[in-house]
Amino acid sequence: MKPSIDASAPDWAALRDDFPILGQSVHGHPLVYFDNGATTQKPRVVIESLVHYYEHDNANVHRGVHELSFRATTAYEAARTRVAEFIHAASSDEIVFTRGTTEGLNLIAYTFTSRLKPGDAILVTEMEHHSNLVPWQLLAKRTGARLLFVPVTGDDGLLDLSGIEGLLAQNVKLFAFPQVSNTLGTINPAQELCARARAHGAVSVVDAAQSAGHMPVDVQALGCDFLAFSGHKMAGPTGIGVLYGRLKLLEEMDPFQSGGDMIASVQYDHSTWNKVPHKFEAGTPHIAGAVGLHAALDYLDAIGRPAIAAHDSQLARDAYARLAEVPGIRLFGPSGERGGLVCFGLAGAHAHDVVTFADQEGIALRGGHHCTQPLWHKLGIAATTRASFYLYNTPAEVDRLIGVIHRAAKFFG
Ligand code: 7TS
């Protein structure tokens with residue numbers, strides 16, 4: 001499961017050969033894939049792990065005693081152990097497999113229905129992806145709790161933490177925030193935010209959708225209670241994700257979905273629950289997805305997450321600095337340290353037109369609200385264009401981005 005490069009000195013351009021999809025042309029130009037914030041591409045080792053699983057080991061897990069079921073169960077649970085190691089969880093029992101970040105956050109929000117009451121508050125930030133906002137809106141509605149927001153400073157996209165103690169003091173029971181913003185690129189001080197939540201007796205929820213595949217994530221060092229991420233945003237398959245939860249909390253929580261596998265015993269009139277994490281995994285899980293995720297984590301660690309973080313961030317900072325020279329551009333997020341993405345607006349051009357313009361040159365960008373609608377409303381812009389980077393992107397591709405945005409500015413300006 002090793003990438004085809006020497007991890008001590010990553011040759012980023014050579015890594016591209018690990019990703020079969022990147023070799024194609026789009027509209028007559030070599031593909032530049034800058035839509036990694038939405039989903040990343042998959043290296044051959046991940047694709048092959050899925051094929052191998054289905055060709056050799058496929059069976060249902062936890063229920064059969066035959067050889068294939070044993071192999072499938074072993075592979076599925078090995079993936080769980082690997083995830084625990086990847087994020088430095090104290091135990092693999094703290095790893096719940098989900099469909100993705102969205103399902104993990106919904107799991108918490110659903111089960112916290114019985115833990116909140118009128119007068120309580122849920123704290124989030126103004127930079128939330130809808131997945132880390134709407135579930136809390138619904139939880140607030142169900143329980144009578146209030147929803148409070150940590151403000152964003154403005155176009156520079158930082159959290160304004162000056163009033164956070166006052167916010168947390170308003171009976172906050174749960175504080176959810178993104179480790180890295182999917183539109184601003186801001187890297188939030190997650191460790192500090194978790195510590196502040198804990199000091200007020202609030203449970204912390206880290207949305208790691210944009211961080212888990214891009215930088216080292218250590219749940220014990222962060223001191224978080226929950227952390228959710230998606231396999232497909234970190235070189236793994238779609239349909240598999242992870243919810244990390246502190247063991248004691250998971251044990252106290254009610255089940256989420258119910259059905260097979262999550263029970264200990266079932267009578268006609270009542271049931272008892274399986275132990276954690278199986279209590280939260282009703283029905284047949286995405287076994288192949290877990291196998292593919294395992295392969296992806298091995299792949300990322302063979303390159304090294306600190307190196308990936310530095311690489312992605314460097315591309316984003318270079319892109320930010322050079323895009324700033326484009327006439328009529330408005331850039332969002334911090335000008336200094338940032339995660340691997342850049343969002344911008346171009347005067348006179350709708351984001352979708354910019355994306356279509358770039359697509360004609362084989363460059364895949366994303367335009368729209370990127371599921372942070374309230375943030376754009378606050379900043380007074382309806383839609384932006386986003387370039388988001390990953391380990392297989394190169395400075396030469398950033399050159400092409402800069403070129404096409406200059407041409408777009410001229411064309412639409
Ligand atoms: N949280 C953040 C910060 C995200 O960026 C996303 C997806 C999610 C949660 C939801 O992840 P999912 O895998 O459950 O869908 N972000 C994006 C994006 O920026 N463009 O498309 C999806």
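Colleague: How much space lies in the largest cavity?

Modeller: About 30 Å³ of space lies in the largest cavity, where a cavity is a set of points on a 1 Å grid over the protein atoms alone at which a 1.4 Å probe fits but cannot get out, and a volume is the space filled by probe spheres set on points joined across faces, edges and corners. This is a predicted model, in which local features need pLDDT of at least 70, side-chain atom pairs count only at pLDDT 80 or more, and totals for chains, interfaces and linings use all residues. Residues are numbered from 1 along each chain as its sequence is written, and side-chain values use heavy atoms, with hydrogens and water left out.

Colleague: Which residues line that largest cavity?

Modeller: Its lining is made up of Thr 125, Glu 126, Glu 128, Leu 133, Phe 149, Pro 374 and Leu 375, each with an atom within 4 Å of a grid point.

Colleague: Switching to the ligand, which residues come nearest?

Modeller: Thr 102, Asp 207, Ser 230, His 232 and Arg 386 come nearest, out of 14 residues around the ligand (near being a heavy atom within 4 Å).

Colleague: And what is 3.0 Å from a nitrogen atom of the ligand?

Modeller: That is an N or O atom in the side chain of Lys 233, while an N or O atom in the side chain of Ser 230 is 2.6 Å from an oxygen atom of the ligand; a polar contact is a pair of N or O atoms within 3.5 Å.

Colleague: Where does the ligand lie relative to the domains?

Modeller: The ligand lies between domain 1 (12-42 + 305-412) and domain 2 (49-301), because both give residues to the shell around it; the bounds come from an automatic or database domain assignment.

Technical notes: Polar contact = N/O pair within 3.5 Å; in protein donor to acceptor, adjacent residues only side chain to side chain. 1 Å grid on protein atoms, 1.4 Å probe; cavity = no way out; pocket = protein on both sides within 12 Å on 5 of 7 lines; lining within 4 Å.
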